[in-house]
Amino acid sequence: MIAAQLLAYYFTELKDDQVKKIDKYLYSMRFSDETLRDIMSRFRMEMEKGLGRDTNPTATVKMLPTFVRSIPDGSEKGDFIALDLGGSNFRILRVKVSHEKKQTVQMESQNYETPEDIIHGSGSRLFDHVAECLGDFMEKQNIKDKKLPVGFTFSFPCAQTKLDEAVLLTWTKRFKTSGVEGMDVVKLLNKAIKKRGDYDADIMAVVNDTVGTMMTCGFDDQRCEVGIIIGTGTNACYMEELRHIDLVEGDEGRMCINTEWGAFGDDGMLEDIRTEFDREIDRGSLNPGKQLFEKMVSGMYMGELVRLILVKMAKEGLLFEGRITPELLTKGKFETKHISAIEKTKEGLTKAKEILTRLGVEPSADDCIAVQHVCAIVSFRSANLIAATLGAILARLKDNKNIPRLRTTVGIDGSLYKMHPQYSRRLHKTVRRLVPECDVRFLLSESGSGKGAALVTAWASRLADQTRQIAETLAEFRLTQEQLLEVKKRMLTEIQNGLSKKTQSTATVKMLPTYVRSTPDGTENGDFLALDLGGTNFRVLLVKIRSGKRRTVEMHNKIYAIPIEVMQGTGEELFDHIVACISDFLDYMGMKNARLPLGFTFSFPCRQTSLDAGILVNWTKGFKATDCEGEDVVNLLREGIKRREEFDLDVVAVVNDTVGTMMTCAYEEPTCEVGLIAGTGSNACYMEEMRNIETVDGDEGRMCVNMEWGAFGDSGCLDDMRTQYDRAVDDLSLNPGKQRYEKMCSGMYLGEIVRNILIDLTKRGFLFRGQISETLKTRGIFETKFLSQIESDRLALLQVRSILQHLGLDSTCDDSIIVKEVCGAVSRRAAQLCGAGMAAVVDKIRENRGLDHLDITVGVDGTLYKLHPHFSPIMHQTVKELAPKCNVNFLLSEDGSGKGAALITAVGCRMREQEQKS
């Protein structure tokens, strides 16, 4: 329905031909719904451009991220100051948000003038003026000695990378202060406050007045997700899905976008609907070619538009009998408030006569009716255009939510919307016609954007407090260079204690001799069986080693599970299960009749008295089988084979997985003399000089020592670095007080440390809305593999959230960020502790050999080292920093525990043959 029909009742007294003349004259200002829908779709395209990373630089509608991630949720509280700078008046408010029975807001405010010479002067003068007004307000409120959080409503286009900074892109609304564009307004204001030195303020949030309006209305209606200003200037903001905002990291949750829609059309997109009057206004403005949409619709320009139309009509003899006065020709003499007065239903024509008389044009009754008609067409055009752009936002919100009907609230403020007698009704009506599938409530912002700025500040101060407390919690996991050097030093002391006869019995790092005296030399040959027991899985392997020019190692293996009841049952049940698995494998390979040499990888602390005898010192990694500790595991295996009476095997060697790893890598790389496991458990071994191993006779040559370094710290020497979370994990483990170093840096425990931190942060209200789910209470639920997945750089927050949801944890975007941070702190410390231990080992070897510089290779295996995205680089870096005289190369072991056991068995067979010959 065209504007003329809607306004028909205005013109009952107007001669028919004159109506036609004016309607024809201003035809281009009246739009059909079809045109408005077209403008709506153009604006949607512009929004898309503004959101895209590649298209944003050239987009006119800038779609600026505000870093406001939610509307008030009712938990905000505190005492805040809000500054509101956006027009000729500058307002300061003190806002108290309290939580007695229900959330209440008390406000006291004062207005300050911003003189013209300051608006057009220098930036430092403007901010000195703001700082002076703030000082005056604080003095009157008697709060100069307090450092209250401040929210700053700054109603100009700004680029933000966080909530408390805003770089001014361009001045609008008559402001032309020099030296501010391209600068962070928070820094400028802080500088001005500092210069005064008589009070302190903590500016926590900068918001646009549109965002302030949305937040103010959101406080009263939690459905509010759009804010609009229709006053001197015009703008809108709304809650956009983060996944669509290319300019901000993360894709979880929502963020308020400040559209800066005043610049819509600056690229020529609206040329077909702009009139000669719009072009004339633009030419005479402070910023030609900019804010073209705003110049068609906002209060600052509407009065001037009407004046230009009246001048032209008078010149053409259509009004005032062609009279043109100096007043009518003076820019700014016809104001937007005059339009509001003239369009009032009852006294409008009287007002028209008064206003026109003041302009000296001596209007007739027909003139007054004609001018009222012109005003109506101009203001109706404004309402229609705003309805089209708002309609685009509402349609986008509906599509984002993927729902058939949108029910939402639009918070709205601005003098034009509030003061004009017909504006709001026209706007609402057109919006409902353009987006019939949206049920919109329009909520007038009673207290302006100041209250909104205070609410954003309340939200920000809660967030800042939370961030600080989380940082304090995680600071305990950040080890300094001094602390790491101390770990290295203490490890060296423990190594010495373990090697020395006098202290070995009380040493925590046991330094167990393995009777492996040499790494492979390439002559190893034959078929070998290998067993690998070290976790919840058990493997049996057939390894065919061929020597010669083209050395080859061919492997066949089968994996068997070890049920928890067997792990924690009797020793006899455990070894019967192992022998049953070997029997199945030999059947599978068709080798039941051969008596193969066998290497047994047994990844638990063993005291060896020879290559084929290993007495279990104690179980680790969740094993609890009875009657095994203090027994020779090779004998237990041989007895199990006897009980079965199906086959016979020649058990040549019992090996630790760490030693197996070293041997596998040494087969490929002769400089490999250290083995490291960083997986479910953590351990290391290395080739020590025989003269230093006081627990074994003989001083010649070297022997591999299985450090069993997981028990480092069991004497209390790491207590100053253990956190409450480490203690909680230790207290509830199967072996409290044991393997403390391992519990700080191995895969089996990292997830559990993280879980304990998450519970604590949730109890303190920082995570999961303070709700501890049953899942989070479950021990072991947070597996270390989740740490690896969560910390992957390629993983977006959306995927972190889905991992957490899989664990039954309903997380927000902020939750996901915190969880990622916690995982990072725990795994980083693990890698650094592991690196400090390794630095001690390589420095010990260098000193053993009296070298200034050592080149050495470490063979490594373990899921944590292999799969975690940051563990290995952090560990390498730590070793480099703590052992600068060693050049350490890390070589990933390909199947260390299986192939390694076979290689040790082959080396054992070779050495046995040599001894028999001699």
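1. Ala 453 lies in helix H16 (residues 448–475); helices (H or I, at least four residues) and strands (E, at least two) are DSSP runs, numbered from the N terminus. Ala 453 counts as buried, at 0% relative accessibility, where buried means under 20% relative accessible area, exposed over 50% and partly exposed in between (1.4 Å probe, protein chains only). Leaving aside neighbours within four places in sequence, Ala 453 is in contact with Ala 82, Gly 151, Thr 153, Val 207 and Gly 212; contact means heavy atoms within 4.5 Å. Ile 759 is 306 residues away from Ala 453 in sequence, and the two C-alpha atoms are 33 Å apart in space.

2. The basis of the values is as follows. This is a predicted model, in which local features need pLDDT of at least 70 and side-chain atom pairs count only at pLDDT 80 or more, while totals for chains, interfaces and linings use all residues. Residues are numbered from 1 along each chain as its sequence is written, and side-chain values use heavy atoms, with hydrogens and water left out.

3. An open sheet of five strands has the order S17-S16-S15-S18-S21, with mixed pairing; two strands pair if DSSP finds at least two bridges between them. Strands S17 (552–561) and S21 (650–655) stand at the edges, each with a single partner strand, so one side of each is left without a neighbour in the sheet. From one strand to the next, the twist averages 20°; axes are lines fitted to C-alpha atoms, for helices over the stretch in contact, and angles run from 0 to 180 degrees between N-to-C directions.

4. S15 and S16 run antiparallel and are joined by eight bridges, with Asp 527 opposite Lys 544 in S16. The two strands form a hairpin with three residues between them. Five residues separate S16 and S17 in their hairpin, and Gly 548 in the turn has a positive phi of about 105°. S16 is mostly covered, with seven of its 10 residues buried.

5. Strand S15 (residues 526–533) runs parallel to strand S18 (residues 597–602), and five bridges join them. Asp 532 has Thr 601 in S18 as its bridge partner. Helix H21 (residues 633–644) packs on the sheet and touches S15, S18 and S21, its direction making about 145° with that of S21. Helix H20 (residues 571–589) lies across S15, S16 (537–546), S17 and S18, and runs at about 130° to S17.

6. The structure holds four cavities of 30 Å³ or more. On a 1 Å grid over the protein atoms alone, a cavity is a set of points where a 1.4 Å probe fits but cannot get out, and lining residues have an atom within 4 Å of a point. The largest cavity has a volume of about 80 Å³, a volume being the space filled by probe spheres set on the points, which are joined across faces, edges and corners. Of its 13 lining residues, the closest to the centre are Cys 158, Gln 160, Val 207, Asn 208 and Asn 258.

7. Asp 282 is found in helix H8 (residues 276–283) and is buried, with a relative accessible area of 10%. Not counting residues up to four places away in sequence, Asp 282 touches Arg 274, Asn 287, Pro 288, Gly 289, Lys 290, Leu 292 and Lys 295.

Terms used:
1 Å grid on protein atoms, 1.4 Å probe; cavity = no way out; pocket = protein on both sides within 12 Å on 5 of 7 lines; lining within 4 Å.
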